[in-house]
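Hi,

Here is the structure I promised to pass on.

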Amino acid sequence: MQLLFLHGAGGYEDDQALATRLGAAAGVQPRMPRVPDENMSYEGWAVPIRAALGDLGPEDLVVGHSFGGSVLLKVLAERAWPLTRAILLAVPCWRPEGWDQSEYAFDGAEPPQTLVLHQCRDDEVVPFEHLALNAAALPRARVVEHAHGGHQLDEVDADALLSSR
């Protein structure tokens, strides 16, 4: 199994600890491609994410954190990828009822992968209400609320984050 971790905007360094924790729990070295912050357009992030997804198979796992998870969600809905599951951590809602940025807003058909959405109530970056907004757009997704852990989900057990049940 491979674990692909997609960091948040400006979060390559900040997300290292989270990616390492998840990799240790999965028993693998996580792969975390650096997506440059110079181009924050959807395509600027989608191109390297598509390339990274192309190396994955059905037994592999992709985790998207924050902005990286937002772009991942839209990319997964673009076409049939061989992945069977994806985990989205502290993902912003970009639709009008959230941060209202149409370029990043997920408004397509729900991806076929098993999706699990995690967010902490004390997230200091993405308002906790975004979890419910994303869940409304993804009715098949499993939604997991955590009381504490902030935007980096620091106090959340890595095994709990990786579980898709």
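I call a residue buried when its relative accessible area is under 20%, exposed when over 50% and partly exposed in between (1.4 Å probe, protein chains only). On that basis, 51% of the 165 residues in the protein are buried.

Two notes on where this comes from. It is a predicted model, so local features need pLDDT of at least 70 and side-chain atom pairs pLDDT 80 or more, while totals for chains, interfaces and linings use all residues. Numbering starts from 1 along each chain as its sequence is written, and side-chain values use heavy atoms, with hydrogens and water left out.

Now the fold. There are five helices and five strands (DSSP runs numbered from the N terminus: H or I of at least four residues for helices, E of at least two for strands). Along the sequence they go β-α-α-β-α-β-β-α-β-α. The C-alpha trace spans about 40 × 35 × 35 Å along its principal axes. Of the contacts (heavy atoms within 4.5 Å) with a separation of 6 or more, 73% are between residues 24 or more positions apart.

Among the residues making the contact are Trp45 and Ile49 of α2, and Val71 and Leu72 of α3.

Cheers
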